[in-house]
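Here is a short report on one protein model. It covers a helix, a loop residue, salt bridges and a pocket.

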Amino acid sequence: MNRFWKAVTVRENNGTLEITLDGKCMKTPDGHPIAVPANRRTLALLMAGEWEGQEKLLKSYSLPLTSVIVRALDSFSDTTIREGVIDNLLKYLDTDATIYFQDYPESFIEMQSTHWRPLHRWIQDTYGVTIATTDGINPIKQSPTTVQNLRAVIAGFDNLTLAAFEKAVMSSKSFIVALALVNNRIDAPGAATAARLEVLHQIDRWGEVEDSHDVEREEMTRQLGAVACSLLP
């Protein structure tokens, strides 16, 4: 799609901040006005910036904030979809990279202790659950109590926070990293580091593959940065 608008603005309407193109309110595919609560002005301005930054051709991949808002408005107003997404996100607890430790080499053990164990301690202290971990090759499962308690946590998210959390999980492939990010326990670069720890260790040993590792790093950081920005006031 070609850029067809000249001006992007943010306007107040009935307690919300709408994003407009040439004075017309943008709408989601389902017809909802693309708007955020009036107290989320920073988020509205950042989202407007995504659209102002589009050049001749509209590039959907460069609208990560907008995608979070649209997901929250179009999908999570449906209770069935919302509950299904929560169930799917909980599956990442058993495949989360941060629960599968390696006991060699020493350099990687140190990286795991620096970036992963503090997240586990934070979850335990904050939510009163224990994250099961292993240094073996067989898959493990979190206890029903842990799953139940963490389900209650994300079920309590508002639609926008849940949409941001979903993007963080999908980008990082880590429930634990995503939960820390949406709670401001870590920032976007820190989340990207924790999610890519094994890759980073390989890069330290063997070097970075141009147009592969660097592209992956920038894309993940951009997506996780959008998650952090979507939760700004």
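The model is predicted, so local features need pLDDT of at least 70, side-chain atom pairs count only at pLDDT 80 or more, and totals for chains, interfaces and linings use all residues. Residues are numbered from 1 along each chain as its sequence is written, and side-chain values use heavy atoms, with hydrogens and water left out.

**Helix α5**

Helix α5 spans residues 117-127. Helices are DSSP runs (H or I, at least four residues) and strands are DSSP runs (E, at least two), both numbered from the N terminus. Leu119, His120, Trp122 and Ile123 of α5 are buried. Buried means under 20% relative accessible area, exposed means over 50%, and partly exposed lies in between (1.4 Å probe, protein chains only). Which part of the helix do the buried residues line? They line one face, because they fall within an arc of 160° seen down the axis of α5. The arc is that of the directions from the helix axis to the C-beta atoms. The cover over these buried residues includes α4 (106-115), α6 (144-155), α8 (175-182) and α9.

**Isoleucine 34**

Isoleucine 34 lies in the loop between β3 (24-25) and β4 (35-37). Its relative accessible area is 3%, so isoleucine 34 is buried. Leaving out residues up to four places away in sequence, isoleucine 34 touches Leu17, Glu18, Ile19, Cys25, Met26, Lys27, Thr28, Met47, Thr66, Ile69, Val70 and Leu73. Contact here means heavy atoms within 4.5 Å. Valine 70 is 36 residues away along the chain, yet the two C-alpha atoms are separated by 7.1 Å.

**Salt bridges**

A salt bridge is a side-chain nitrogen of Lys or Arg within 4 Å of a carboxyl oxygen of Asp or Glu. How many does the model hold? The count comes to nine salt bridges.

| Pair | Closest N to O |
|---|---|
| Glutamate 12 and arginine 41 | 3.1 Å |
| Glutamate 166 and arginine 71 | 2.8 Å |

Glutamate 12 and arginine 41 form a salt bridge. Glutamate 12 lies in strand β1 (residues 8-13) and arginine 41 in helix α1 (residues 41-52), so the pair ties together parts 29 residues apart in sequence. Glutamate 12 is exposed at 59% relative accessible area, while arginine 41 is partly exposed at 36%.

Glutamate 166 and arginine 71 form another salt bridge. Helix α7 (residues 159-172) holds glutamate 166, and helix α2 (residues 64-74) holds arginine 71, 95 residues apart. Glutamate 166 is buried at 13%. Arginine 71 is partly exposed at 26%.

Arginine 196 is in the loop between α9 (188-195) and α10 (197-206), and glutamate 216 is in helix α11 (residues 213-230), 20 residues apart. Arginine 196 is buried at 4%. Glutamate 216 is partly exposed at 34%.

A network of salt bridges links Glu83, Asp87 and Arg151.

**Largest pocket**

The largest pocket holds about 160 Å³ of space. Its lining residues are Phe4, Trp5, Leu21, Asp22, Lys24, Cys25, Met26, Lys27 and Trp51. A pocket is an open set of points on a 1 Å grid over the protein atoms alone, where a 1.4 Å probe fits, with protein on both sides within 12 Å along at least five of seven lines; lining residues have an atom within 4 Å of a point. The volume is the space filled by probe spheres set on the points, with grid points joined across faces, edges and corners. The lining divides into six nonpolar, no polar and three charged residues. Ala, Val, Leu, Ile, Met, Phe, Trp, Tyr, Cys and Pro count as nonpolar, Asp, Glu, Lys and Arg as charged, and the others, Gly among them, as polar.
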